[in-house]
Amino acid sequence: MRIADVLRNKGSSVATIAPETSVADLLAGLVGRNIGAMVVVGPEGPVGIVSERDVVRRLHDLGADLLTRPVGEIMTTHLLFCAPEDSVDSLSAAMTHHRVRHIPVLQDGRLSGIVSIGDLVKSRMQELESSTEYLQAYITQG
């Protein structure tokens, strides 16, 4: 299965945020959309990603003052990207190796989606269910 298949099922919408947006506004966006991360986009394209994990780590250091700080101060700038033609298995391995839960998808240099570890688990579960149904049908038809 390819990342394009995952995006076909979940959609290609990507929540983005500007680096100068406050952390308080970020949190409102995460809660409002029921998501765990947003891609930080500057004038030239993606410059980082900011997740719940980034907020929690910096909250420990800065306390409530964090809420007024810009997202650009807490975002992760070392971005991993994938392409629609990448396999789900290779992306799962990359997420595990790099200990990340969200990877933006680039197609022709443009942001075309985002994939979470939950999306990959869901696609794998659907794949396993489909295989199980096929095998059960094969066995019962003899």
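The buried residues of helix α4 pack against α1 (3–10), β4 (102–107), β5 (110–116) and α5 (117–141). Contact here means heavy atoms within 4.5 Å. Helices (H or I, at least four residues) and strands (E, at least two) are DSSP runs, numbered from the N terminus. The model is a predicted one, in which local features need pLDDT of at least 70 and side-chain atom pairs count only at pLDDT 80 or more, while totals for chains, interfaces and linings use all residues. Residues are numbered from 1 along each chain as its sequence is written, and side-chain values use heavy atoms, with hydrogens and water left out.

Helix α4 covers residues 88–98, and its buried residues are Val88, Leu91 and Met95. They span an arc of only 65 degrees around the axis, so they sit on the same side of α4. The arc is taken from the directions from the helix axis to the C-beta atoms. Asp89, Thr96 and His97 are exposed on the other side of α4. Buried means under 20% relative accessible area, exposed over 50%, and partly exposed in between (1.4 Å probe, protein chains only). After α4 comes Arg99, which has a positive phi, near 55 degrees.

One of the helices that α4 packs against is α5, and Asp119 is placed in α5. Asp119 counts as buried because its relative accessibility is 18%. Leaving aside neighbours within four places in sequence, Asp119 is in contact with Val6, Lys10 and Ile114.

A nonpolar core is a set of buried Ala, Val, Leu, Ile, Met, Phe, Trp, Tyr and Cys residues joined through side-chain atoms within 4.5 Å. The largest such core has 13 residues, of which Ile17, Leu26, Met38 and Val50 touch the most other members. At least two residues of this core come from each of α2 (23–33) and β2 (37–42). With three residues, α2 gives the most to this core. Not counting residues up to four places away in sequence, Val50 touches Ile17, Leu26, Gly36, Ala37, Met38, Val40, Val71, Ile74 and Met75. A second, separate core has 11 residues, including Ile3, Cys82, Val105 and Val115.

An unreviewed UniProt entry places the feature "domain: CBS" at residues 8–66 and 75–130. UniProt positions are given in the numbering used here, feature names are shortened, and annotations may be inferred rather than shown by experiment. The table describes the two spans.

| Span | Distance between end C-alpha atoms | Helix and strand |
|---|---|---|
| Residues 8–66 | 37 Å | 42% helix, 25% strand |
| Residues 75–130 | 38 Å | 45% helix, 23% strand |
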